[in-house]
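Please look over the structure shown below, and then read the briefing that follows, which goes through its features topic by topic.

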Amino acid sequence: MHILISTPVKKSYQAVYQGFNKDLFLQLNPPFPRVKLLQFDGSKKGDHVKIELNFIFFKQIWISEITDDQSDSEQIYFIDQGIQLPFFLKSWRHKHLLVKKGDQTLIVDDIRYQTPFLLTDYLMFPLMYLQFLYRKPIYRRYFA
């Protein structure tokens, strides 16, 4: 499945990239499931992020690795790829793209995921979409 959500913010793309840190990561987490950050290395190739998702009756570990990062005079991006995922995900790839728009930036969350079954791909879509739609006002406030 593919999710693509764009959010314009009023900062330069370099400033926005510098703001993609542990503090922003913690702010972007929705109220449910509760997230405990176990490791946050950064947004460069080879870095890892490890979280514990608390679903009240059970917990799941999620580990992502930054598999690529690039920048030029028009954009910056980094890709996190799931290497240990919760049971309900088979694959995860999230490209964080920051596109220069004059003195502003377009933040693009480009997510591709797969669950163990095609039917659950579609059933999970609204939940996944809302998890990332939740980020839009946070991005706007954080980069105001």
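In this predicted model, Asp-69 stands opposite Phe-78 in strand 5, where strand 4 and strand 5 (residues 75-84) run antiparallel and are joined by 8 bridges. Helices (H or I, at least four residues) and strands (E, at least two) are DSSP runs, numbered from the N terminus, and two strands are said to pair if DSSP finds at least two bridges between them. Because the model is predicted, local features need pLDDT of at least 70 and side-chain atom pairs count only at pLDDT 80 or more, while totals for chains, interfaces and linings use all residues. Residues are numbered from 1 along each chain as its sequence is written, and side-chain values use heavy atoms, with hydrogens and water left out.

- An open sheet of 7 strands, with antiparallel pairing, has the order 1-7-6-5-4-3-2.
- Strand 1 (2-9) and strand 2 are the edge strands of this sheet, each of them pairing on one side only.
- From one strand to the next, the twist averages 20 degrees, where axes are lines fitted to C-alpha atoms, for helices over the stretch in contact, and angles run from 0 to 180 degrees between N-to-C directions.
- Helix 4 packs on the sheet and touches strand 1, strand 6 (91-101) and strand 7, and the direction of helix 4 makes about 25 degrees with that of strand 1; contact here means heavy atoms within 4.5 Å.
- Strand 2 and strand 3 run antiparallel and are joined by 6 bridges, and in this pairing Gln-39 stands opposite Lys-50 in strand 3.
- Strand 3 and strand 4 also run antiparallel, with 7 bridges joining them, and His-48 stands opposite Glu-65 in strand 4.

**Salt bridges**

- A search of the whole structure finds 2 salt bridges, a salt bridge being a side-chain nitrogen of Lys or Arg within 4 Å of a carboxyl oxygen of Asp or Glu.
- In one of them, the side chains of Asp-69 and Lys-44 meet with an N to O distance of 3.7 Å. This pair links distant parts of the chain, 25 residues apart, with Asp-69 in strand 4 (residues 59-71) and Lys-44 in the loop between strand 2 (34-40) and strand 3 (48-54).
- Asp-69 is partly exposed, with a relative accessible area of 21%, and Lys-44 is partly exposed as well, at 44%; buried means under 20% relative accessible area, exposed over 50%, and partly exposed in between (1.4 Å probe, protein chains only).
- Arg-135 forms a salt bridge with Asp-109, and the closest N and O atoms are 3.8 Å apart. Here too the pair links distant parts of the chain, since Arg-135 is in helix 4 (residues 135-142) and Asp-109 in strand 7 (residues 104-114), 26 residues apart.
- Arg-135 is buried, with a relative accessible area of 11%, and Asp-109 counts as buried at 1% relative accessibility.

**The largest pocket**

- The largest pocket has a volume of about 730 Å³. On a 1 Å grid over the protein atoms alone, a cavity is a set of points where a 1.4 Å probe fits but cannot get out, whereas a pocket is an open set with protein on both sides within 12 Å along at least five of seven lines, and lining residues have an atom within 4 Å of a point. Grid points are joined across faces, edges and corners, and a volume is the space filled by probe spheres set on the points.
- Of the 32 residues that line this pocket, the closest to its centre are Asn-29, Ile-51, Trp-62, Phe-132 and Arg-135.
- Helix 3 supplies the largest share of the lining, with 5 residues, and the elements that each supply at least two residues include helix 2 (22-28) and helix 3 (118-133).

**Loops and backbone details**

- Ile-56 lies in the loop between strand 3 and strand 4, has a positive phi of about 70 degrees although it is not a glycine, and is exposed, with a relative accessible area of 64%.
- Pro-86, in the loop between strand 5 and strand 6, is buried, with a relative accessible area of 1%. Leaving aside neighbours within four places in sequence, Pro-86 is in contact with Leu-53, Gln-60, Ile-61 and Trp-62.
- A cis peptide bond, with omega about 0 degrees, joins Phe-32 and Pro-33, and Pro-33 is found in the loop between helix 2 and strand 2.
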